[in-house]
Amino acid sequence: MVTHRFTLLLIAVVIGIFSSFSQVRATSETNFRIESISSSFATDLATLQKHIGYEFNNTNLLRRAMTHASFSQENNKALSIFGTHIIETSVSLQFLSKNIDISSKVLAHLISDVANVDSSCALDGNRLGLERIIRVSPKTDASNSAIVCAGFRAIFGAIATDSGMVDEAIKVFWKVHGDRAGKLVSTL
């Protein structure tokens, strides 16, 4: 009887070991598959950091900035809103520091130009190749101007959040966006 219990216990342990082993193996295969899919995304994020001249301490912020709402509930909407305000602030600061007497109408027009989805914002995003980086659902067109622009704006929200300083995001914005002779233009 003791031998029978020992044998049952041994069988239970062996089955437990093998089932644990197969779970580990399945988990490893799953992780490998996830890693190989995300490795190109990770490479794209690393390249993007080099292009914008800012290295993230928390790359999950950049990952989120490059994730559209169609792809995940953890997406770039909040970072994009924050980034919009950073861009508007940086344009205001740039032009008010050059000319405190600038009219509100002219300043509003300059802000509108840089924030325009179909021109400046999407153009800057396309120059960074964001349409190839932003994660979207299979049914969503990543090259859509609004999606590219939201990703572009989200980058600056992510930088400010990562660095804890809006100034850092503003500095990167002007590096990426550019400014020649007081006219807002893209340089990349």
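Predicted model: local features only at pLDDT ≥ 70, side-chain atom pairs only at ≥ 80, totals over all residues.

**Entry 1: a glutamate in α8**

I looked up E168, which is found in helix α8. Is E168 buried or exposed? My cut-off for buried is under 20% relative accessible area. E168 comes out at 18%, so I log E168 as buried. What does E168 touch, leaving out residues up to four places away in sequence? I find Y54, I159 and S163 on that list.

**Entry 2: α3 against α8**

Staying with α8, I checked how it sits against α3. Two packed helices are described by the angle between their axes and the distance between the axes. Helix α3 covers residues 77–98 and helix α8 covers residues 166–177. Their axes come within 10 Å and cross at roughly 75°. That makes α3 roughly perpendicular to α8. Which residues meet here? From α3 I wrote down F82, I86, I87, S90, V91, Q94 and F95. Their partners in α8 are V166, A169, I170, F173 and W174. Sorted by class, this contact has 10 nonpolar and 2 polar residues, with no charged ones.

**Entry 3: α3 against α7**

Next I turned to α3 and α7. Their axes are 6 Å apart, and the helices pack at an angle of about 85°. I therefore note α3 and α7 as roughly perpendicular to each other. On the α3 side I have L79, S80, F82, G83, T84, I86 and I87. On the α7 side I have A150, F152, R153, A154, F156, G157, A158, A160 and T161. How many residues of each class are in the contact of α3 with α7? I get 10 nonpolar, 5 polar and 1 charged.

**Entry 4: the disulfide**

A search of the whole structure turned up 1 disulfide. C121 is joined to C149, with an S to S distance of 1.9 Å. Which hand does the disulfide have? The torsion about the S-S bond of C121 and C149 is about 105°, so I call the disulfide right-handed. C121 lies in helix α5 (residues 117–127) and C149 in helix α7 (residues 145–163), so the pair ties together parts that are 28 residues apart in sequence. I checked burial as well, and both C121 and C149 are buried.

Key. Residues numbered from 1 in each chain as written. Heavy atoms only, no water. Disulfide = S-S within 2.5 Å. Helix = DSSP H or I, 4+ residues; strand = E, 2+ residues; numbered from the N terminus. Buried < 20%, exposed > 50% of the residue type's maximum accessible area, 1.4 Å probe, protein only. Axes fitted to C-alpha atoms, helices over the stretch in contact; angles between N-to-C directions. Parallel < 35°, antiparallel > 145°, perpendicular 65-115°, else oblique. Contact = heavy atoms within 4.5 Å. Nonpolar A, V, L, I, M, F, W, Y, C, P; charged D, E, K, R; others polar.
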